[in-house]
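Colleague: Please take a close look at a single part of this model and describe its packing and contacts in one connected account.

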Amino acid sequence: MSGAQPLNFVLSLPPEEVARANIYGLLARLFYGPPDAQLLETLAGASGIDAEDGEIGPAWERLCRAAGQTDKEAARDEYDTVFVGTGKAPVTLYSSAYSIRYATEAPLVELRGELAALGLARQEAAGEPEDHIAALCDVMRHLISIQKRELPVQGAFFKRWIGPIAGPLCDAIDAEPTLSFYKSVGRFAKAFFDVEQSAFEML
């Protein structure tokens, strides 16, 4: 056929890559906004994670158990009170708050440039800047499952934008006394980020 495009067969991702992308997608969803009843129900009925070692398996089980003990109203109250708040939120989900050391630093400008180089840009409908942890997790999901980037590319983004702030952010969530469900989210996120950090360091 005239003008026909050549066939490009896309190889399916290995199961472990699908799992990584799904976890990043879940974290993006939970950090972007409180879970609805369906997501809580899905988490409560989820099977365990087959992890050989580390904290990720137990942290996942605790998250699923917490989802079964939480309703959407309680989860929304937690999210709005701690991550949105009135005035300054008790815990910010913006990575720049944990990474800026000098007044001259402009990480958001750098991040936007890197996203552009990766062929990514913030959607006009998006309500959050690109340095929101939900957006960063969604970028990782995109690099893994949509663009299917090589691990060094994924690792470079992770080590620049998520790795340095994962600990301080998750620790801030864990230290907030008014949180319950989102403590389990933060602990699972930290366990997962630790696994990712270790894997990328081995490259």
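Modeller: Helix α8 (residues 151-161) packs against α10 at an angle of about 125 degrees, and their axes are 10 Å apart. The model is predicted, so that local features require pLDDT of at least 70 and side-chain atom pairs pLDDT 80 or more, whereas totals for chains, interfaces and linings use all residues. Residues are numbered from 1 along each chain as its sequence is written, and side-chain values use heavy atoms, without hydrogens or water. Helices are DSSP runs of H or I with at least four residues, numbered from the N terminus. Axes are lines fitted to C-alpha atoms over the stretch in contact, with angles from 0 to 180 degrees between N-to-C directions.

α8 and α10 are therefore oblique to each other; angles under 35 degrees count as roughly parallel, over 145 as roughly antiparallel, 65 to 115 as roughly perpendicular and the rest as oblique. On the α8 side, L151, Q154, G155, F158 and K159 meet F193, E196, Q197 and F200 of α10, where contact means heavy atoms within 4.5 Å.

In α9, the residues G163, A166, C170, D171, I173, D174 and A175 meet Y182, K183, G186, R187, A189, K190, F193 and Q197 in α10.

Apart from neighbours within four places in sequence, F181 is in contact with L30, P35, L40, L63, A66, A67, T70, A75 and E78.

A66 counts as buried because its relative accessibility is 13%; buried means under 20% relative accessible area, exposed over 50% and partly exposed in between, with a 1.4 Å probe and protein chains only. Leaving out residues up to four places away in sequence, A66 touches F181 and S184. The C-alpha atoms of A66 and V185 are separated by 9.0 Å, although the two residues are 119 residues apart along the chain.

How values were computed
Helix = DSSP H or I, 4+ residues; strand = E, 2+ residues; numbered from the N terminus.
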